[in-house]
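Good morning, and thank you for coming.

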Amino acid sequence: MKVFISCDIEGVSGVVVASPQTSPEGRDYGRARDLMTAEVNAAIRGALKAGATEIVVNDSHGPMTNILIEKLDSAATLITGTPKPLSMMQGIDRDFDAAVFVGYHAKMGEVGVLSHTISGASVADVWVNDIPVGETGINAGLAGYFGVPVVLVSGDDVVAKEAKALLPHVHTATVKWAVTRTAARCLPPEKARETIEEETFRALSSLSEAKAWLPESPVTFKIAFKDAGQACNASRMPYSEMIDGRTLTFTADDYLTAFKGLRAMIALAGR
Ligand SMILES: [Zn+2]
């Protein structure tokens with residue numbers, strides 16, 4: 001069994017505020033990346049217990065060089081650095097049996113810990129074929145394009161609900177409960193890791209019930225930017241269509257191309 005793990009940082013227990021914890025200049029960044037690495041290791045342990053024979057971890061936050069390779073379980077290999085064409089899903093392909101999302105967060109506009117969708121500075125909302133999606137949905141669609149089901153999402157209670165609404169079979173590991181967007185009641189690290197290990201094991205043990213999620217083709221991403229200036233910048237994207245002052249659509253024959261269009265528009269939008 002081959003398992004792909006995508007790991008973000010905002011959903012890690014103990015992480016609740018942006019700059020001090022989630023950016024390299026931050027006072028508590030060192031602690032946060034340590035906690036992130038330990039949560040990935042918990043998922044790796046759960047996967048191994050369930051029979052995984054190959055595990056690839058993709059660092060999926062910001063500079064994508066957060067996970068401490070020297071502390072990573074030696075059963076896995078690590079994709080680190082940026083840019084990567086598939087971003088948070090770099091490394092996924094048809095050979096994988098399951099995908100696991102660790103440290104994920106709710107989409108922009110939800111009262112979930114550090115909620116945002118790809119770029120907190122520019123993106124207000126994203127829909128795929130008119131289904132509202134956050135990073136969980138966007139990346140689950142990419143896994144689905146390769147025929148791979150997402151079996152576990154860890155993070156706060158809000159992203160757990162978001163994941164369940166879209167992927168009914170998915171297992172969730174809730175490691176914190178949002179109080180506001182920048183406050184939460186958190187499990188102690190040891191308990192958070194136990195939960196992630198246990199739920200990963202359970203999710204992979206019932207893999208036959210999991211279904212890959214792939215929106216129908218042609219695939220249309222609709223993206224609402226925070227302001228019209230950003231939308232105008234993004235409208236330089238070939239084949240994009242501006243439908244109002246803040247909103248663009250981009251349609252492609254397949255999910256992968258549509259996803260690349262979405263990423264390119266966000267890059268063009270700027271901050
Ligand atoms: Zn993220």
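Let me start with helix α3 and helix α7, whose axes lie 9 Å apart and pack at an angle of about 145°. The model is a predicted one, and that applies to everything I say this morning. In this pair, α3 passes α7 in a left-handed crossing. From α3, the contact draws on Gly137, Ile138, Asn139, Gly141, Leu142 and Tyr145, while α7 contributes Tyr255, Leu256, Phe259 and Leu262. Sorted by class, the α3 contact with α7 holds 7 nonpolar residues, 3 polar residues and no charged ones.

How many of the 11 residues of α3 are buried? The count is 10, so helix α3, residues 135-145, is largely enclosed by the rest of the structure. The buried residues are Glu135, Thr136, Gly137, Ile138, Asn139, Ala140, Gly141, Leu142, Ala143 and Gly144. Besides α7, the elements that the buried residues of α3 pack against are the strands β4 (98-104), β5 (123-128), β7 (150-156) and β10 (219-225), together with helix α4 (157-166). After α3 comes Gly147, which has a positive phi, near 75°.

I turn now to the domains. The chain is divided into domain 1, comprising 2-120 + 132-209, and domain 2, comprising 219-269. Their centres, taken over C-alpha atoms, are separated by 26 Å. Across the two, 13 residues of domain 1 are in contact with 9 residues of domain 2.

Next, the nonpolar cores. The largest has 47 residues, and those touching the most other members are Ile92, Val150, Phe221, Ile223 and Phe225. Helix α7, residues 255-269, supplies the largest share of this core, with 8 residues. Where does this core lie relative to domain 1 and domain 2? Both domains give residues to it, so the core lies between them.

Leaving aside residues up to four places away in sequence, Phe221 touches Val126, Trp127, Val128, Ile138, Leu248, Thr249, Phe250, Tyr255, Ala258, Phe259 and Leu262. There is also a second, separate core of 37 residues, including Ala52, Ala76, Ile196 and Ala210.

The other helix pair I wish to show is α2, residues 29-49, with α5, residues 189-205; their axes come within 7 Å and cross at roughly 35°. Here α2 passes α5 in a right-handed crossing. On the α2 side, the contact is made by Leu35, Ala38, Glu39, Ala42, Ala43, Arg45, Gly46, Ala47 and Lys49. On the α5 side, Pro189, Ala192, Arg193, Ile196, Glu197, Glu198, Thr200, Phe201 and Leu204 take part. By class, this contact has 10 nonpolar, 2 polar and 6 charged residues.

Beyond residues up to four places away in sequence, Gly46 touches Glu197, Thr200 and Phe201.

Lys2 counts as buried because its relative accessibility is 16%, and the cut-off is under 20%. With residues up to four places away in sequence not counted, Lys2 touches Glu54, Asp93, Asp95, Phe96, Asp97 and Ala98. Thank you for your attention.

Note on methods
Residues numbered from 1 in each chain as written. Predicted model: local features only at pLDDT ≥ 70, side-chain atom pairs only at ≥ 80, totals over all residues. Heavy atoms only, no water. Axes fitted to C-alpha atoms, helices over the stretch in contact; angles between N-to-C directions. Helix = DSSP H or I, 4+ residues; strand = E, 2+ residues; numbered from the N terminus. Left-handed = near helix turned anticlockwise from the far one by under 90°. Contact = heavy atoms within 4.5 Å. Nonpolar A, V, L, I, M, F, W, Y, C, P; charged D, E, K, R; others polar. Core = buried A, V, L, I, M, F, W, Y, C linked by side-chain atoms within 4.5 Å. Buried < 20%, exposed > 50% of the residue type's maximum accessible area, 1.4 Å probe, protein only. Domains from an automatic or database assignment.
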